[in-house]
Amino acid sequence: MTSTSWIAIAAENELAPGQMKRIEAGGKHLLLCNADGKHYVVDEMCSHEDYSLFFGCIQNGRIKCSLHGSYFDLQSGQPETAPADKPICTYPVQIKNGQLWICPS
Ligand code: FES
């Protein structure tokens, strides 16, 4: 882990399961998601239309867009249900010294 590529974004225990946090890192608008205790970072905006996934919810390792109802796998970013047909980007997350770190590039 190098300080130039990894950015600390939250305390390890900041989010409860099912919670999300908007973050800005590397010039990108991202979402930190706690899905049943495992953390993921994905693009904030849905790939279908320019709508924030922050207004959706986390269910069974997926995030649901509240505008038209597409689900995206938080690990792969792949859409699982229409109308979205393109993936959202996902970013690696690490835990170190009680902090969550991401590599936004
Ligand atoms: S804007 Fe997300 S599914 Fe349409």
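Where in the chain is the place of Ser-47? The points below answer this and go on to the rest of the chain.

1. Basis. This is a predicted model: local features need pLDDT of at least 70, side-chain atom pairs count only at pLDDT 80 or more, and totals for chains, interfaces and linings use all residues. Residues are numbered from 1 along each chain as its sequence is written.

2. Ser-47. Ser-47 sits in the loop between strand 4 and strand 5. Strands (E, at least two residues) and helices (H or I, at least four) are DSSP runs, numbered from the N terminus. Ser-47 counts as buried because 20 C-beta neighbours lie inside 10 Å. The scale is this: buried means 20 or more other C-beta atoms within 10 Å of the residue's own, exposed means 12 or fewer, and partly exposed is in between, with C-beta atoms placed from the backbone. Beyond its neighbours within four places in sequence, Ser-47 is in contact with Pro-79, Ala-84, Lys-86, Pro-87 and Ile-88. Contact means that the C-beta atoms, placed from the backbone, lie within 7 Å. Ser-47 and Leu-67 are 20 residues apart in sequence and 12 Å apart in space, C-alpha to C-alpha.

3. Gly-56. The loop between strand 4 (38-43) and strand 5 also holds Gly-56. Gly-56 is buried, with 22 other C-beta atoms within 10 Å. Not counting residues up to four places away in sequence, Gly-56 touches Ile-63, Lys-64, Cys-65 and Ser-66. From Gly-56 to Leu-74 the separation is 18 residues in sequence and 13 Å in space, C-alpha to C-alpha.

4. Three strands form an open sheet in the order 5-6-7, with antiparallel pairing. Strand 5 (57-59) and strand 7 (71-73) stand at the edges, each with a single partner strand, so one side of each has no neighbour in the sheet. The twist averages 30° from one strand to the next. Here axes are lines fitted to C-alpha atoms (for helices, over the stretch in contact), and angles run from 0 to 180 degrees between N-to-C directions.

5. Strands 6 and 7. Three bridges join strand 6 (residues 62-64) to strand 7, and the two run antiparallel. Two strands pair if DSSP finds at least two bridges between them. The bridge partner of Lys-64 in strand 7 is Tyr-71.

6. Whole chain. The chain has 10 strands and zero helices. Its radius of gyration is 13 Å, close to the 13 Å that the globule rule gives for 105 residues, so the chain is as compact as a globular protein of that length. That radius is taken over C-alpha atoms, and the rule is 2.2 Å times the number of residues to the power 0.38. Buried residues make up 30% of the 105 residues.

Terms used
Two residues are in contact if their C-beta atoms, placed from the backbone, lie within 7 Å.
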